[in-house]
Amino acid sequence: MLASKTAFRTATQLRNASTVLRRTKVTLPDLNWDFGALEPHISGQINELHYTKHHQTYVNGLNTATDQFQEITHKLEKDPNDLQAARDLIQVQQNIKFHGGGYTNHCLFFKNLTPEKNGGGQPPTSSSALAKQIEQQYGSLDKLKEVTNAKLAGVQGSGWAFIVKNLENGGAIDVVQTYNQDTVGNQYVPLVAIDAWEHAYYLQYQNQKADYFKAIWNVINWEEAARRYETSKVTK
């Protein structure tokens with residue numbers, strides 16, 4: 001009887017340990033609005049495809065690449081001189097960068113959009129730290145939009161523009177352009193992320209991407225941007 005109890009306890013401990021060590025999968029975050037809620041500025045069809053297909057692809061890709069990373073790392077622990085495993089690890093790291101960036105960027109993107117009826121496009125309140133910083137640096141919100149649109153127009157192929165808080169420069173507001181699914185470094189807090197990939201606009205705006213860049217400001221959630229600005233601490 002004692003032996004059976006001991007065996008059961010050991011099995012339970014192993015099962016619990018396995019549960020603790022099991023990696024939690026990344027999942028598609030919930031949207032705060034319906035697909036059609038951003039019309040006429042961004043169509044419901046675009047939002048549905050963008051969210052359920054493209055964003056989901058980055059979720060799946062990140063999960064797959066992370067699992068592969070763990071498997072290859074385990075191989076290298078057994079044989080540090082396994083050259084093929086080392087090469088595989090390099091490839092998987094590239095996949096993590098791409099899909100991890102795609103997942104992160106799209107989480108930021110969808111969170112910083114909101115319907116006009118919920119305050120989309122409304123400037124941050126004049127008393128907010130974000131509004132004061134924008135006024136100090138750019139003179140007006142329209143000027144910041146102009147600078148951001150210029151960065152977006154400069155994306156050749158696929159990429160992003162981010163309005164960020166620079167933690168290493170006293171909380172200054174910068175506009176950063178990235179390519180593919182690259183995201184911004186940890187010295188920046190993304191306040192607004194704008195997707196310049198064709199899948200974000202082509203069904204509606206086709207080759208007139210400048211019109212998309214102008215229209216999206218009507219559904220930017222500046223309240224969320226202000227929250228991100230105020231809850232991040234400057235390091236230098």
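Which helix does lysine 151 lie in? Lysine 151 is part of helix H5, which covers residues 141-153. Before the views, a few ground rules: this is a predicted model, where local features need pLDDT of at least 70, side-chain atom pairs count only at pLDDT 80 or more, and totals for chains, interfaces and linings use all residues. Residues are numbered from 1 along each chain as its sequence is written, and side-chain values use heavy atoms, with hydrogens and water left out.

**View 1. Lysine 151 and its contacts.** Helices here are DSSP runs of H or I with at least four residues, strands are runs of E with at least two, and both are numbered from the N terminus. Lysine 151 touches Ala161, Val175 and Gln177, leaving aside residues up to four places away in sequence; contact means heavy atoms within 4.5 Å. Take valine 175: it sits 24 residues from lysine 151 in sequence, but the two are 7.5 Å apart in space, C-alpha to C-alpha. Is lysine 151 buried, partly exposed or exposed? Its relative accessible area is 32%, so it is partly exposed (buried is under 20%, exposed is over 50%, and partly exposed is in between, using a 1.4 Å probe and protein chains only).

**View 2. Aspartate 67 meets lysine 25 in a salt bridge.** That term means a side-chain nitrogen of Lys or Arg within 4 Å of a carboxyl oxygen of Asp or Glu, and the count by this rule is five. For aspartate 67 and lysine 25, the N to O distance is 2.2 Å. This pair ties together distant parts of the chain, 42 residues apart: aspartate 67 is in helix H2 (residues 44-78), while lysine 25 is in the loop between helix H1 (2-21) and H2. Aspartate 67 is partly exposed at 22%, and lysine 25 is partly exposed at 41%.

**View 3. Arginine 228 and glutamate 224 pair up in a salt bridge.** The N to O distance is 2.9 Å. Because they are four residues apart in helix H8 (residues 222-230), about one helical turn separates them. Arginine 228 is buried at 8% relative accessible area, and glutamate 224 is buried too, at 9%. Salt bridges with shared partners join Glu224, Arg227 and Arg228 into one network.

**View 4. Helix H4 packs against H8.** The axes of H4 (residues 129-138) and H8 are 8 Å apart, at an angle of about 90°. So H4 is roughly perpendicular to H8, a label for angles of 65 to 115 degrees (under 35 is roughly parallel, over 145 roughly antiparallel, and the rest oblique). Axes are lines fitted to C-alpha atoms, for helices over the stretch in contact, and angles run from 0 to 180 degrees between N-to-C directions. On the H4 side you'll find Ala129, Leu130, Gln133 and Ile134, which meet Trp222, Ala225, Ala226, Tyr229 and Glu230 in H8.

**View 5. Three strands form an open sheet.** Their order is S2-S1-S3, with antiparallel pairing; two strands pair if DSSP finds at least two bridges between them. Strands S2 (172-179) and S3 (188-195) are the edges, each pairing on one side only. Strand S1 (residues 159-166) pairs with S2 over eight bridges, and tryptophan 160 has threonine 178 in S2 as its bridge partner. H4 lies across S2 and S3, at about 85° to S2. H5 also packs on the sheet, touching S1, S2 and S3, and its direction makes about 15° with that of S2.
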